[in-house]
Amino acid sequence: MHEEPAADLMPPLLEARGISKYFGAITALDRVAFHLDRGEVLGVVGDNGAGKSTLMKILSGLFLPSAGEIVFQGSPVRFTSPRDAHRIGIEMVYQDLALAGNMTIFENIYLGREPGRRLLGMNIVDQGRSRQMAAEHLARLHIEVKSVDQNVEDLSGGQRQAVAIARATAFDARVVIMDEPTAALAIKEVGKVLDLIKSLKEHGVSVILISHRLDDVFYVCDRVMALFRGANFAEAALRDTSRNEVIGWIMGTKGHTAALAHDRVQ
Amino acid sequence: MAARDVLGSRFSLAKAAERYGIVVVVIVMMIFLAIAQPEYFLSIQNLTNVLKQIAMNSLLAIGMFLVILTAGIDLSVGSVLALAMMAVAMADKAGWPWPLVLLIGPLVGIMIGALNGLGLTLLRLPHPFIMTLGTLNAVRGLTNLISDGRPISGLSAPVRFLGSEQIPLPALGPFGAIPVSAFVLLVCYGGVALFLRKVSVGRHIYAVGGNPQAARVSGISVDGVLILVYVLSGFFAGLSALLLAGRTDSGFPNAGIGAELDAIAAVIIGGASFFGGRGTVLGVFSGVLIMGLLRNGLNLMNVSVFWQQLLIGIIIILAVYVDVLRRRAAVRTEELTQSRAAHWLLRRRRYPGNRSTTT
């Protein structure tokens, strides 16, 4: 463990200021501010079209913002591709998982970053080392699979999610962004993925969790932030808010109480 | 300890059957032909002949295979073959030094391939079928324009070497010899197999075919991979033009009409998926051999060429149907795996650091 100065003296690990994103005439994000501390699990909530996924795609380098800046550890950064974000340790687990089903678990984990040696300008993949590294990495995350040589298409939804998370954390990730990691899972598998998020936090990794499931948010997050129609709406430490208040934020109201909850019969 | 478990046995019977089943078909065909036509089929001349005959289609097929792995298609290879062949013949007739003439064939292929790749990625044409259908016509037209539609015959000896020369091999008997084109095939197939298996860009070709989105977010340049496979397909078409020019001692503008369909057929018979991401070099070679042996065997048995067409059509359909059946069986296996996922969950509850405090 390395000694870190007091938290309030340090800039946030990742910060975004005044992020806007336009798609033609549509404003997807309007001057959104955002910050994430070391080892923090941040929940990002909002209704469909609130801009959560767009913001995350900007933070992970898939989209360029139309305006605003991203600051990593106090210095501005600019991502023109996911590779730039990978380089400083920002990884994303996509909602559709973005795995190649026709390839093995270990190949998916190191896809695009295969361990190997250079020869005539080509990267000769060291498959033996790749399998070994994948097996060790999965063991570190306590993810059990039958064999790292299984094709991803032969796995269950939860196992695929686990492989996607393993890929995101294979290279000293500092920030892992997860877009609805539990949405497509059987209920039995949800708990496992949430536990995996907690163990990432224990390993010092910061996590951004986008979820519609407030149970997930309240189980793993330290802080929750709500977007509404592409703009910041509200945020609070988890201990200072409640389920009902957060439901209100998603719908664009403040001071929401149990009495107003949409899922209650009055 | 867990690490060793998951690194365990890599062999599975189902996988072996999927991978080598097609080779068994080839062997059965050869045994059948050897029994049916013992004095002709197994003669060195006939086997050499088969090798020479499949040379062109096998080079087109290996390039087509790379394209089909990315869920694409290259309809232009037959026309590219003709253009490259005419360019080679004309350059040779014009008295260019032979090393330059030999370079022209593959170079023409690479250029048209790059054009196909750029049309697909830069112009964002909706499907490679469109772009390569365009070049199929345009390149054939260009071939006729530059040659005035007339064939050229009588090439210099160095240019004929790859396509027509044989390396004597007395160990195989008095007429024992291996055509140079067979070595070209060996090098190309071996090279592509190594490239696909060992080089990261080769693995990326499978990734792009399996899930382009996954490839993109992994930092792979999907457009770069697509351009590469069309360039390689063009290169192999140009190389096959050299072999065909050498074998026929000529260049003719009608060469390779419909050759793209034979190449596609060989790739599909060889078990590659038309939807990308699946297939092996060994399978493609088996596909080429099955088509070559079928034609050779039916010729030896004096069956008309019309029957050959009919049979090849049936075999294409059968080969894909076998694939469909196999896929269906795989889905059943997957359902089994899904029910096993429940066990996976229960087992995982045991790990330390989950509910307790240790990690």
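**A few places to look**

Colleague: Let's start with B:Arg124: does it count as buried or exposed?
Modeller: A residue is buried with 20 or more other C-beta atoms (placed from the backbone) within 10 Å of its own, exposed with 12 or fewer, and partly exposed in between. B:Arg124 has 8 such neighbours inside 10 Å, so it counts as exposed.

Colleague: Before we go on, what sort of model is this?
Modeller: Residues are numbered from 1 along each chain as written, with chains lettered from A and ligands numbered from 1 in written order. Local features need pLDDT of at least 70 and side-chain atom pairs need 80 or more, while totals for chains, interfaces and linings use all residues, since this model is predicted.

Colleague: Back to B:Arg124, then: what is its phi?
Modeller: B:Arg124 sits in the loop of chain B between helix H6 (98–121) and helix H7 (128–147); helices are DSSP runs of H or I, at least four residues, strands are E runs of at least two, and both are numbered from the N terminus. Most residues other than glycine have a negative phi. B:Arg124 isn't a glycine, yet its phi is positive, about 55 degrees.

Colleague: And what about A:Glu180, where is its phi?
Modeller: Look in chain A, at the loop running from strand E9 (175–179) to helix H6 (187–202). A:Glu180 has 19 C-beta neighbours inside 10 Å, so it counts as partly exposed. This residue, again not a glycine, has a positive phi near 50 degrees.

Colleague: How many strands does chain B have?
Modeller: Chain B has 359 residues, and 42% of them count as buried. Its secondary structure comes to 15 helices, and the number of strands is 4.

Colleague: Among contacts in chain B between residues at least 6 apart in sequence, what share joins residues at least 24 apart?
Modeller: Two residues are in contact if their C-beta atoms, placed from the backbone, lie within 7 Å. Count the chain B contacts between residues at least 6 apart, and the share that joins residues at least 24 apart is 76%.

Colleague: Beyond its neighbours within four places in sequence, what does B:Met85 contact?
Modeller: B:Met85 is one of the core members that touch the most others. Leaving aside those sequence neighbours, its contacts are B:Ala241, B:Leu244, B:Ala245, B:Gly251 and B:Ala255.

Colleague: What is the orientation of H5(A) to H6(A), roughly parallel or roughly perpendicular?
Modeller: Axes are lines fitted to C-alpha atoms over the stretch in contact, with angles from 0 to 180 degrees between N-to-C directions. Angles under 35 degrees count as roughly parallel, over 145 as roughly antiparallel, 65 to 115 as roughly perpendicular and the rest as oblique. Helix H5 (residues 157–168) of chain A packs on H6(A) at about 15 degrees, with axes 9 Å apart. That makes the two roughly parallel.

Colleague: How far apart are the axes of H8(B) and H9(B)?
Modeller: Helix H8 (residues 157–164) and helix H9 (residues 180–198) of chain B pack at about 70 degrees, so they are roughly perpendicular. B:Phe161, B:Leu162 and B:Gly163 of H8(B) meet B:Val180, B:Ser181 and B:Val184 of H9(B). The distance between the axes is 6 Å.

Notes. A nonpolar core is a set of buried Ala, Val, Leu, Ile, Met, Phe, Trp, Tyr and Cys residues joined through C-beta atoms within 7 Å.
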